[in-house]
Amino acid sequence: MAKLIGPKKVKTAVFISGTGSNLKNLIKFSKIKSSPLSIDLIFSNNSKAKGLKFSGQFNIKKYVSSLKNSKLAETKILDLLKKENIQFICLAGFMKILSKSFIKKFNGKIINIHPSLLPKYKGLNTHTKAIQNKDKIAGCTVHFVTAKLDSGKIILQKKVKIYKKDTPTSLAKKVLRQEHKLYPVAIKKIFN
Ligand code: GAR
């Protein structure tokens, strides 16, 4: 990734589908002087996503589309991203798979946070899988997005211990707390 030149922050869109705790965390991070990013657009494929409330709260533009007719919808999103001069995309709990052609248009400029230590447990239900397999360590990964699900180059990971008493819910909470620490550090690593 190109180094930042001058004081301008990289205009970024965050894609969400749900609660948006990572989105909120990224917005807070973006306001720090040393953050390489500004968050200028929130996109959700779910009109009921709780995270959309941060659009009003922080005065950030939002756009919602179910992506049901995905080709047409993606074209609309790409037009909007172009219009808003968006240069970088952070996926934060975005549960829809973007098309190859969309990813190609933002090649190397989309990153994702995933709740496992990739390459272990791509896809869904990562915490259930880790507990069922009696793993002792779980964690989270920030990685570049490529056409192959959860398989792009890893930027950073953070580990979390799994105890006998952990359930998928308790583990998800612990991992999420680490996600909030990891995502900003991973972003700084890309742009430095
Ligand atoms: C996070 O744990 C994130 O890693 C995960 O969804 C959660 C969203 O929480 N993402 C995925 O599973 C993507 N495959 P949030 O909406 O509170 O940020």
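A pocket is an open set of grid points where a 1.4 Å probe fits, with protein on both sides within 12 Å along at least five of seven lines. The views below come from a predicted model.

**View 1. The ligand in the largest pocket.** In this predicted model, the space taken by the ligand is the largest pocket. The volume of the largest pocket is about 880 Å³. Its lining consists of 34 residues, and those closest to its centre are Gly 93, Phe 94, Met 95, Ile 113 and Pro 115. Two or more lining residues come from each of the elements α1, β5, α5 (126–132) and α6. By class, the lining of the largest pocket holds 15 nonpolar, 15 polar and 4 charged residues.

**View 2. The shell of residues around the ligand.**

**View 3. Polar atoms facing oxygen atoms of the ligand.** For Ser 21, a polar side-chain atom lies 2.6 Å from a ligand oxygen atom. For Asn 22, the atom concerned is a backbone N or O, at 2.9 Å from an oxygen atom of the ligand. Thr 19 likewise places a backbone N or O atom at 3.5 Å from an oxygen atom of the ligand. On its own, the ligand has 450 Å² of accessible area, and the protein covers 84% of this area.

View 4. Pro 119 belongs to the loop between β5 and α5. Both of these elements also give two or more residues to the lining of the largest pocket.

**View 5. The backbone at Asn 59.** This view shows the loop between α2 (53–57) and β3 (61–64), in which Asn 59 is placed. The phi angle of Asn 59 is near 60°, a positive value in a residue that is not glycine.

Key:
Residues numbered from 1 in each chain as written. Predicted model: local features only at pLDDT ≥ 70, side-chain atom pairs only at ≥ 80, totals over all residues. Heavy atoms only, no water. Polar contact = N/O pair within 3.5 Å; in protein donor to acceptor, adjacent residues only side chain to side chain. Areas by Shrake-Rupley, 256 points an atom, 1.4 Å probe, with all protein chains shown as cover. 1 Å grid on protein atoms, 1.4 Å probe; cavity = no way out; pocket = protein on both sides within 12 Å on 5 of 7 lines; lining within 4 Å. Sits in = over half its atoms within 2 Å of the grid points. Points joined across faces, edges and corners; volume = space filled by probe spheres on them. Helix = DSSP H or I, 4+ residues; strand = E, 2+ residues; numbered from the N terminus. Nonpolar A, V, L, I, M, F, W, Y, C, P; charged D, E, K, R; others polar.
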